Amino acid sequence: MATFLTIIIVLLFFQLLFVMWNVSQLPTLGNPLPNNHLDTDFPLISILIPARNEEGNIKACLESILQEQAYPIEVCVLDDRSDDRTGEIVKEIAEGDQRVRLIQGVELEEGWMGKSYACHQLAQQANGEWFLFLDADLRLKRGTLGKAIATAMYQRKGLISGFPFQEVNTWLEKLVVPMMMFTIACHLPIRFVQHKKDPKFVAAHGAFLFIHKNTYKKIGGHAAFKKDLVDDMSMGRAVKKAGDPVMLADVHNDLTMRMYDRASQVWKGYKKNLYPGMGYNPWLFAGVLTFYTCAYLLPLLTLIGSILMPSWFWPSLIAYSLGVIIKLVIDWKNGQPLYLAFLLPFSILFVNLIGIDSWRASQFQQGYEWKGRTYQ
């Protein structure tokens, strides 16, 4: 076991070096351009928000957008057949601000995922040069819209995305939600997202997708991946395959969101994404779970076991400490509480358990449930 732990230590040391380099490669959004420049030279931007049962989020989301008065925008919100007050709230806001428009969603067509179909309907109604797809639980900090516009002007076409700062309050949120950026930082060469045309090197977050309308049409819109549960990654890969640029930006200082507000939502949300996000590939799935278990969970178990096997103590402690340092670097870069790094083995445990449940739902054709809909 001591020899095996030594191998893990070597792997984690090189993983740490990679992570330190990798997180330094994240570009940031540009500085806002002067208002008069935007007024005369930049076309309309369509901010497109699919909203299903979002009465607790939609008002704050719209207020964070509408605080920006200088930029040419239209804000289209699609009420995706909600059974709460989502549509009423949007209608009230639209009556006081002509930039906001409420669209009533139609019944979900067969063969579509719910969010993709909502975004498809929004795109059909959009008039802007750029489409900014936002989730209703997202909040834009003042100045973010200007930064995004400046970045879009520089890039000219393609897709801009990023992972917002995640507010985490409940115990499973804290353990699992920050693992999104952990996975990206550990395994995806971030520099390659922007500088390589290979669609394997891509990442995007569905809460913030800023895409040029010509690029959107070029890839066939959401209809091109209407059956995909992980629509944001599908969009990123489609843009790269079309030959247009993709930028994964560091936006944690610009955007905030709380994806889930209780443990059951965390479980359901990640369950529908984990195995589909690996392309339903059982070998890749098994390999990732095995590596994560050996690299980040086993050292804590053997550290506890060193009470009976003293020769395990130092290699276990070093391996556990390297895992913690890796998580510290990533959490520091993304503004997460640093104490969460010391809980990494427990984060790995629950990610693995949710992943197994995600695999099981696919393997036994149980489907995935989200917002009152079930998807196979």
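**Questions on a predicted structure**

Me: Which residues does Val329 touch, not counting residues up to four places away in sequence?
Reply: The model discussed here is a predicted one. Val329 has its place in helix H14, residues 313-333. Leaving out residues up to four places away in sequence, Val329 touches Leu16, Val19, Met20 and Val23.

Me: Does Val329 count as buried or exposed?
Reply: A residue is buried when its relative accessible area is under 20%. The relative accessibility of Val329 is 19%, and therefore Val329 counts as buried.

Me: How many Å apart in space are Val329 and Phe182, C-alpha to C-alpha?
Reply: Along the sequence, 147 residues separate Val329 and Phe182. In space, the distance between Val329 and Phe182, taken from C-alpha to C-alpha, is 9.5 Å.

Me: How many residues has the largest nonpolar core?
Reply: In soluble globular proteins, nonpolar side chains tend to be buried together. In this structure, the residues with the most contacts inside the largest nonpolar core are Ile47, Ile49, Val75, Phe133, Met235 and Tyr296. The number of residues in that core is 104.

Me: How many residues are in the second, separate core?
Reply: The second core is separate and includes Leu229, Tyr275, Leu289 and Ala361. The number of residues in this second core is eight.

Me: What is the nearest side chain of opposite charge to Asp137?
Reply: Asp137 lies in the loop between strand S4 (130-134) and strand S5 (138-140). Leaving aside neighbours within four places in sequence, Asp137 is in contact with Asn57, Thr256, Met257, Arg258 and Met259. Asp137 is buried yet has no salt bridge. At 6.0 Å, the nearest side chain of opposite charge is Arg139.

Me: With which residues is Ser64 in contact, leaving aside its neighbours within four places in sequence?
Reply: Ser64 has its place in helix H3, residues 58-66. Its relative accessible area is 8%, so Ser64 is buried. Leaving aside neighbours within four places in sequence, Ser64 is in contact with Leu138, Arg139 and Leu140.

Me: With which residue does Glu173 form a salt bridge?
Reply: Side chains of opposite charge can pair when their charged atoms come close. In the salt bridge of Glu173, the closest N and O atoms are 2.7 Å apart. Glu173 is buried, because its relative accessibility is 1%. The residue with which Glu173 forms the salt bridge is Arg258.

Me: How many residues apart in sequence are the parts that the pair of Glu173 and Arg258 ties together?
Reply: Glu173 lies in helix H7 (residues 171-176), whereas Arg258 lies in the loop between strand S10 (255-257) and helix H12 (263-277). The pair therefore ties together parts whose separation in sequence, in residues, is 85.

Me: In which helix do Arg360 and Asp357 both lie?
Reply: The side chains of Arg360 and Asp357 meet in a salt bridge, at 2.4 Å from N to O. Asp357 has 13% relative accessibility and so counts as buried, whereas Arg360, at 32%, counts as partly exposed. The two residues are three apart, about one turn of the helix. Arg360 and Asp357 both lie within residues 344-363, that is, in helix H15.

Me: How many salt bridges does the structure hold?
Reply: Arg85, Glu88 and Glu92 are linked in a network of salt bridges. Lys200 forms a salt bridge with Asp198, with the closest N and O atoms 2.7 Å apart. The number of salt bridges that the structure holds is 17.

Me: What is the phi of Arg156 near?
Reply: Arg156 is found in the loop between helix H6 (144-155) and strand S6 (159-162). With a relative accessible area of 65%, Arg156 is exposed. Arg156 is a residue other than glycine with a positive phi, and the value is near 75°.

Methods. Residues are numbered from 1 along each chain as its sequence is written. This is a predicted model: local features need pLDDT of at least 70, side-chain atom pairs count only at pLDDT 80 or more; totals for chains, interfaces and linings use all residues. Side-chain values use heavy atoms; hydrogens and water are left out. Helices (H or I, at least four residues) and strands (E, at least two) are DSSP runs, numbered from the N terminus. Buried means under 20% relative accessible area, exposed over 50%, partly exposed in between (1.4 Å probe, protein chains only). Contact means heavy atoms within 4.5 Å. A nonpolar core is a set of buried Ala, Val, Leu, Ile, Met, Phe, Trp, Tyr and Cys residues joined through side-chain atoms within 4.5 Å. Lys and Arg count as positive and Asp and Glu as negative; His and the chain ends are not counted. A salt bridge is a side-chain nitrogen of Lys or Arg within 4 Å of a carboxyl oxygen of Asp or Glu.
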